[in-house]
Amino acid sequence: MKLKSLIRENDVLVPVEVEINFTPGLPQIQFLGLPDQGIRESIHRIKSAIRAQSFEFPKSQQVLVNLRPNHLKKSSRGLELAVAMGILWESEQIPKPEDTVMVYGELGLLGEVYEPGDLTTDFEPDGKVLVWTGQTQNTPAVFDRYELGCLQDIREPVEIEAVPREYEVRRPVADLQLRFPERQARLLEVIALGEHSVLLAGPAGSGKSTIARTLSALLAAPTQEDMHTISKNNRGGSEAPLRWRPVVHPHHSTTALGLIGGGVPPFKGEITRAHKGIMILDELLEFNVRAQEALREPMEESMIRIRRSRYIEEFPAESLMIATTNLCPCGDWVPKSKVVCGRSLKKCQSYMERLSGPLVDRFHITFFTKKREDGDAVSGEEILEKLEASRRFRANLSVQDARFKKLANRWSFEELVLDLPSFYMKELFPKEISSRRRELATLRVARTLADLEQVEKLQPRHVESALKMTFDPVEALKRLGC
């Protein structure tokens, strides 16, 4: 007798073949195929449930249960129902099904059947499938189910049809009531529309954390597919379901392992929890240097590939990276500012040396905040209104131009220079930008500036404006303290 059940592989349930055969011997169940302790303990529940429901456990026969593939360690909460039903079918106490069926449920000692809590959340079938399980407690699922209250119900199960997955999406509005100086409002528009990573440096109390927190409310609304991915990556956290893009705020004592993941078998890190959302690295220079440098690859590739022993895992890491920091112990040391404090220049330089050049190069934008900002204040609601208009503009263009289906921070170099005059890139584009990564960041931010103006073709003036956000601050950071 062969049937299908489910075992746990990392944070998902995957199908496993359950083969049941009777051989002469003592009336007991013997699992083969590397079962864990939890599966072995289910032997007594299976026997008790079968007898309590007026069925007979095979006499003078040993029940061999082979779990394939054989080489993988098996862990499962619902394998016991599959074994119990397989025994009843193989012993012909109930008619055998014509096709291979999938069974996943927990048993009580008296034969009650319960649906494991991870079935509807962690099982994602590739196609149409019917799962035999226990009492469902009205939990919706994207696949059809047969519900059994007890083993006797195997003759007349209750069919429960699949329900399309639907997540509630709710934009956080509390921070939209805040008002921002003109320069900060412009920064928020650029970051939120293009989702460009940013390094915010400046004195304490100059609005760095407020900017980082408000960005979540200004991002584009996630799709249902995005919400499903977000939900999967954030299981095991807060019991309240997420209704918007995640905001992950790791403490500066978090290790490199905690940020990017690892272990045996590999587990997800904080940057994967922030996938499709925001990751805020508050007080970046207080993070361990190894933790900082571990972020360089996922910031560049939007994914992280981890190999530990024989395990190889790839985790998504497409998150908007926001880092805030002070550049010296007193916090007031920024370019073009006069600072009077009791610390030596050497101590200030030593503190800033914790910030490596390659890591700074991964941030598209570097922005220096000020304690006192000039210009008119703009509310978060006004910023969001402008962003939504720009998003509609991009959506209309995407019908004819596939490039606009992607965010500006995903455009390639070739896609970006397609609209610029060739002589501009050869003769007028600043030659002092030695890093190709910095050139790409500049062009991507320029594309976002064009989107904010609702201009289809990228123009040289957009590039000139982008240089003030992507190149000039980085150069000022290099010269700081010289």
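The accessible surface of this protein comes to about 23,500 Å². Of that, 49% belongs to carbon and sulfur atoms. The areas come from the Shrake-Rupley method with a 1.4 Å probe, and for residues only the protein chains shown count as cover.

A word on the source. This is a predicted model, where local features need pLDDT of at least 70, side-chain atom pairs count only at pLDDT 80 or more, and totals for chains, interfaces and linings use all residues. Residues are numbered from 1 along each chain as its sequence is written, and side-chain values use heavy atoms, with hydrogens and water left out.

Now the overall build. There are 18 helices and 21 strands. These are DSSP runs, numbered from the N terminus: helices are H or I with at least four residues, strands E with at least two. The radius of gyration is 29 Å, well over the 23 Å that the globule rule gives for 482 residues, so the protein is more spread out than a compact globule. That radius is taken over C-alpha atoms, and the rule is 2.2 Å times the number of residues to the power 0.38. Along the principal axes, the C-alpha atoms fill a box of roughly 90 × 50 × 45 Å.

What share of the 482 residues is buried? Buried residues make up 50%. The cut-offs are relative accessible area under 20% for buried, over 50% for exposed, and partly exposed in between, with a 1.4 Å probe and protein chains only.

Next, contacts, meaning heavy atoms within 4.5 Å. Take those with a separation of 6 or more: residues 24 or more positions apart account for 72% of them.

On to the rings. Rings of Phe, Tyr and Trp (its six-membered ring) pair if their centres lie within 6.5 Å; planes under 30 degrees apart are stacked, over 60 edge-to-face, the rest tilted. The count is four aromatic pairs. One of them is Trp89 with Trp132, edge-to-face, at 5.9 Å centre to centre and 90° between the planes. Trp89 lies in helix α2 (residues 79-90) and Trp132 in strand β8 (residues 130-133), 43 residues apart. Both are buried.

Trp132 also meets Tyr146. Their centres are 4.9 Å apart and their planes at 80°, so this pair is edge-to-face. Tyr146 sits in strand β9 (residues 144-147), 14 residues from Trp132.

Last, charges over rings: NZ of Lys or CZ of Arg within 6 Å of the ring centre and within 35 degrees of the ring normal. The charged end of Lys47 sits over Phe57, 5.3 Å from the ring centre. For Arg436 over Phe413, the distance is 3.7 Å.
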